[in-house]
Amino acid sequence: MRLGDNQLPSCSRCTLLNRECVRVASDPFRHAYNPTVKPVDRALGPRPEYEYAEDQVWLTPRSNALLLRHFVAKLSLWFDYCDPRNTFATSVVQQAVNSPTLLYAILATSARHLSMTSDFDAYLADKYHRECLALLINIVGDNSALLDEALCAATVILRLFEEISVPLVGSDTQGHLMGTHTFMRASEYQPSGIREAAFRVVLRQEIVFAFKTQTPLQLLPEYVQVDRAMDTADDWGSAFHIMVLCAEVLSYCYGEEQKLAETWDNLSERVSSWMESKSASFEPLFSVPAGVKENQVFPQIWLLNDCHVAAHQHYLMCQILLVSHDPRRPQLGPKRTEAVESSERVIRDHVKDICGIALSNNHCIPAMFTASMVISVCGEFFRDYQDQKSMMEILVKTDVELAWPTASAQTYLLEKWNWNHA
């Protein structure tokens, strides 16, 4: 089923896609299956309950080919972000030939994404997801299966399925996120192969969840171990280094340990050292400050590769977290007010830079997810209408065009900005 809204006679998504809006009678916010599906002629033999009309994709290997191609051409970019080997677009999909579990994970996630961004019916997404889960249940308790790289990749892909399904189920159940933890803890960190690529994806998934929910990362000890042993001779290694630092900063800010000033100083110094020691290739190819043109809210910051995009955004996230959790910030009196205003000003500047980087490098799709996440957490600090409007446009674009859920952030900020009462 697809999630609708209370717009009548057609919900916003169906209006956008120019299709008939058919809702479940018991719940007007949910859709029934696409009305163009038709019953199967049982005389043709055992087939799925529905088959697609002639103008849709048939439930045949052709639909599988379409979904696999969609994963390679589109969704693999989300996983191969900061991976110069493009592991998911190459090694992972090749492994799917011999791993039904991995294949079903890929097909389910592609079908879910297509159903959220087009008129592709959600039936296949649910079907393949159920079949994938059935296979995963069969390996519960089998420790040898935890060393299977294909199964490890499948759980990482299913985490994306889980993330983009939030509008349908109403919340992030985190079930597949916990599954990725099981595979990551199954053996020592591997310096190469699919497990390494999966490990880095899990790190980014963890950072997104931790920043959004303001909770510490659950796999931090492993990340710290990688950080200390990692060779940062190339730009991809350097980018991963600042991601690991971001994970540590998140756990300092939202963990249960005492917020010691010495720990804050150490983290701040390491983040600053990363910026000072980065290679010249991290410098922008082209940049235009915000405000040069009328109503230009965000700066233009063109960067070379995806690793440079991710690195700059994570560096700015570190700065946002550190300035907002400075243990030396006054807690009372006029100095507190001054410190809070100064912190909010710095945060606003960093958020604009993160958004500018995402929009200026729109071929790096995960950068838009990072921008949306930061807006959802820090958007309430913006009081200027043009700033608010530009950030809402990012949230809507990310939701509608990329199927990355931002509806709850939109609702929250509309209330905080008093747009609902304007």
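## Helices and their neighbours

Q: How many residues of H4 are buried?
A: Keep in mind that this is a predicted model. H4 is mostly covered, and of its 18 residues the buried ones number 14.

Q: What span should H4 have, and how far apart are its end C-alpha atoms?
A: H4 has 18 residues, and we count 1.5 Å a residue.

Q: Is H4 roughly parallel or roughly antiparallel to H6?
A: H4 covers residues 100-117 and H6 covers residues 149-164, and their axes are 8 Å apart. The packing angle is about 20°, and angles under 35 degrees count as roughly parallel. So the answer for H4 and H6 is roughly parallel.

Q: What is the handedness of the crossing where H4 passes H6, and how many residues of the contact are nonpolar?
A: H4 passes H6 in a left-handed crossing. On the H4 side the contact includes Leu-102, Ile-106, Arg-112 and Met-116, and on the H6 side Leu-151, Ile-157, Phe-161 and Ile-164 are among the residues involved. By class, the contact of H4 with H6 has three polar residues and one charged, while the nonpolar ones number 14.

Q: Is Arg-112 buried or exposed?
A: Arg-112 lies in helix H4. Its relative accessible area is 5%, and the cut-off for buried is under 20%. So Arg-112 is buried.

Q: Which residues is Arg-112 in contact with, leaving aside its neighbours within four places in sequence?
A: Arg-112 is one of the H4 residues that make the contact with H6. Leaving aside neighbours within four places in sequence, the residues in contact with Arg-112 are Ala-122, Ala-125, Asp-126, Phe-161, Ile-164, Ser-165 and Leu-168.

Q: Which word describes how H4 is set relative to H16?
A: H16 is the helix at residues 385-402, and its axis is 7 Å from that of H4. The two pack at an angle of about 120°. That makes H4, relative to H16, oblique.

Q: Which residues of H16 make the contact with H4?
A: The contact of H4 with H16 has three nonpolar, two polar and one charged residues. H4 brings His-113, Met-116 and Thr-117, and H16 brings Val-400, Glu-401 and Leu-402.

Q: How many residues of H9 are buried, and what phi does Gln-214 take?
A: H9 (residues 194-213) reaches 28 Å from its first C-alpha to its last, close to the 28 Å expected. It's largely enclosed by the rest of the structure, because 17 of its 20 residues are buried. Just after H9 comes Gln-214, with a positive phi of about 55°.

Q: Which residues is Ala-239 in contact with, leaving aside its neighbours within four places in sequence?
A: Ala-239 lies in helix H11, residues 235-254, and counts as buried at 0% relative accessibility. Val-309 is 70 residues away along the chain, yet its C-alpha is 8.8 Å from that of Ala-239. With those sequence neighbours left aside, the contacts of Ala-239 are Phe-282, Cys-307 and Ala-311.

Q: What share of the residues in the protein chain is buried?
A: The protein chain has 17 helices and six strands. Among contacts with a separation of 6 or more, 65% join residues 24 or more positions apart. Of the 422 residues in the chain, the buried share is 50%.

Notes. Residues numbered from 1 in each chain as written. Predicted model: local features only at pLDDT ≥ 70, side-chain atom pairs only at ≥ 80, totals over all residues. Heavy atoms only, no water. Axes fitted to C-alpha atoms, helices over the stretch in contact; angles between N-to-C directions. Helix = DSSP H or I, 4+ residues; strand = E, 2+ residues; numbered from the N terminus. Parallel < 35°, antiparallel > 145°, perpendicular 65-115°, else oblique. Left-handed = near helix turned anticlockwise from the far one by under 90°. Contact = heavy atoms within 4.5 Å. Nonpolar A, V, L, I, M, F, W, Y, C, P; charged D, E, K, R; others polar. Expected span 1.5 Å × (residues − 1). Buried < 20%, exposed > 50% of the residue type's maximum accessible area, 1.4 Å probe, protein only.
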